[in-house]
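User: Hello! Could you show me how to read pockets and helix packing here?

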Amino acid sequence: MASQFSSHCLTQLTAITSVNGFQFRALDLKQDLPTLQSWFNQEYAQFWGMQGLNLAAIENLMAATQHKFALIGEWQGKSLFMVELYDPANDEIGHHYRVAPGDCGMHLIIAPPDGSPISGLSFKVMDAIAQLVLEKLAFNRLVVEPDQLNSKIHRLNSRVGIRYEKAIQLSTKAAYLGFCTAAERQLASSAPSSMGLVQTSSALPSSLAAPVTSPMTLSTL
């Protein structure tokens, strides 16, 4: 799977159009770039490190390769989020842990609210992506490396079932390395609703409970 990561996934995705009400389609660079540019320029998108880039620069960074590709998630007929899936064996993250067959890395950006914010929508997006990766595409593990300063994503990751293994230093940020299997996602989703709003530290080993302060806030979630 590693040598043909993108083609393998996109072939499977031709038969998958919807997960829990979200429609997934391949990123169309010409059609979607202006929308992505507006998302990347939002204050909350600082962790992508793509604020102020022109369309040509974004196209160069987001173009699919053999080892990564992006999908647009639509909801109620509108583009709601973009998720990039990648092969950790061909990414910087692969130097920080022993990559196993069936690992799939993920980056995510969600559109700014259009009208009144909808409670729980970000969690539903995260859970749909985890289901897509771990069930529909049948990867063994979802791999994430969020910026240590991105407290909002830590909370969402924990609710989905992602658990952080260790703190790492990437070239553009201080991050946490996290993993989630299908079983861990199912366990998290079956927890009582009263346990859904967990604290950020619940995703972390006790030694990592207090996020390390770092000035390096760029790059992806």
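Analyst: Gladly! Helix α5 gives the most to the lining of the largest pocket, with six residues; helices (H or I, at least four residues) and strands (E, at least two) are DSSP runs, numbered from the N terminus. This is a predicted model, where local features need pLDDT of at least 70 and side-chain atom pairs count only at pLDDT 80 or more, while totals for chains, interfaces and linings use all residues. Residues are numbered from 1 along each chain as its sequence is written, and side-chain values use heavy atoms, with hydrogens and water left out.

User: How much space lies in the largest pocket, and which residues are the closest to its centre?

Analyst: Rolling a probe the size of a water molecule over the atoms shows where empty space is left. Here the largest pocket holds about 1,100 Å³. Of its 35 lining residues, I110, A111, P112, P113 and S122 are the closest to the centre. A pocket is an open set of points on a 1 Å grid over the protein atoms alone where a 1.4 Å probe fits, with protein on both sides within 12 Å along at least five of seven lines; lining residues have an atom within 4 Å of a point. The volume is the space filled by probe spheres set on the points, which are joined across faces, edges and corners.

User: At what angle do the axes of α4 and α5 cross?

Analyst: Two packed helices are described by the angle between their axes and the distance between the axes. The axes of α4 (residues 121–136) and α5 (residues 151–160) cross at roughly 55° and come within 10 Å; axes are lines fitted to C-alpha atoms, for helices over the stretch in contact, with angles from 0 to 180 degrees between N-to-C directions.
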